[in-house]
Structures are given as C-alpha cells and as structure tokens.
Amino acid sequence: MTGAVRAVVSAPDPVLSRAGGDVDPTAEETIRLAADLVATMRVSPGCVGLAAPQVGVGARVFAVDVTGHPKAVTVHGTFVLCNARVVEATRWKPGREGCMSVPDLTGDVKRASRLVVEGDLPGTGAAVRLVTDGFEARALQHEIDHCEGLLFLDRVAGAHAVYQRKVYL
C-alpha cells in the first residue's frame, strides 16, 4: 500500500503527551497508518523514525529505518511495529537526540544500547521479537516513548542537557 504524507505535529500539541491506545494490526486503518508513517518518514530529511502521535493519531504504532545513518551498526531496514513493548534493556549510555516534533531543540538522553522489543506487524498481525543495539536501539526507544506520551525532553537529565538545534535538516 502506498502511504500518504501527513503533517507532523509539534510540541505542545496534547496528542504528544498522551499514551496511545493499542491497535488491531490487521485493521485497514492501522495498515493505512503504517504506510502513511513510512511515506512521511521518507520525505523528512534525516528522519529515522516516526510514531503515530507525531502525525496526530493516539495509537501505539511507529516506523523506524536507520539504514545509511552513520551511527547505525545494526540495521533491520524499514519496519513498522504495532503495540510494541520493551522486554529487555541493558547497557545504558547517554546520547544526543532530536525530534521532528521538537524542531528547535536537542538533548542528551540515557538509553539502553542493547534492546529486545516485542510487537505486532501491521497487516498480518504476526508477533515479532526484535533484538538490536546501538543507534537502532535508541531510535526504537524514542518511538516507543512517543507511543507512551513521552518526548525526549521528558528523559533528559535536566535543563543543562538541552541545547538549541544548530543544524536544520
């Protein structure tokens, strides 16, 4: 299915601070949302992930693709997960993050650098278990946070760890 490009909402839009609901991964609207997330991510320079709340939908669905990113070592390509949850998180490390929904700021966030996530694939509803690390693990945690109503700003160590974005993509 070819997705449509959707507008990305910015903080303080209330949809970004509310946990999204679980979805039926086989429902037509979920499949359409998954395609739209990938399409929107593709036209957004530097974007490695996008969650449903970022396009104004309060649902636990997100897309990730870290292919070609210079910090990525483990790469699973483009994928969309529904109702994802972290089942194991280890090797915590700080790193700089930005977000399309917080376009003017970046921040230092401590995240697990080894991650195991379980979720459902849109379309089939098949349960998947994804094991990853490094930058891809960071991207997954960032998108799962969006689905839980959290921004990276909710995870920074304090005001001293927030910076004005210097490069606009």
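Helices (H or I, at least four residues) and strands (E, at least two) are DSSP runs, numbered from the N terminus. The model described here is predicted, so local features need pLDDT of at least 70 and side-chain atom pairs count only at pLDDT 80 or more, while totals for chains, interfaces and linings use all residues. Residues are numbered from 1 along each chain as its sequence is written, and side-chain values use heavy atoms, with hydrogens and water left out.

| Helix | Residues | Span, first to last C-alpha | Expected span |
|---|---|---|---|
| α1 (28–42) | 15 residues | 21 Å | 21 Å |
| α2 (134–147) | 14 residues | 21 Å | 20 Å |

Burial is judged by relative accessible area: buried means under 20%, exposed over 50%, and partly exposed in between (1.4 Å probe, protein chains only). In α2, 13 of the 14 residues are buried, so this helix is largely enclosed by the rest of the structure. Asp 145, which lies in α2, counts as buried because its relative accessibility is 6%. Contact means heavy atoms within 4.5 Å. Not counting residues up to four places away in sequence, Asp 145 touches Arg 111, Leu 150 and Arg 155. Just after α2, Gly 149 has a positive phi of about 85 degrees.

The buried residues of α1 include Leu 33, Leu 37 and Met 41. Those buried residues pack against β1 (49–51), β2 and β3.

**Nonpolar cores**

A nonpolar core is a set of buried Ala, Val, Leu, Ile, Met, Phe, Trp, Tyr and Cys residues joined through side-chain atoms within 4.5 Å. The largest has 19 residues, and Phe 62, Val 117 and Leu 140 are among those with the most contacts inside it. At least two residues of this core come from each of β2 (61–64), β3, β4 and α2. The largest share, six residues, is that of α2. A second, separate core has 14 residues, including Ala 34 and Val 80.

Notes:
Expected span 1.5 Å × (residues − 1).
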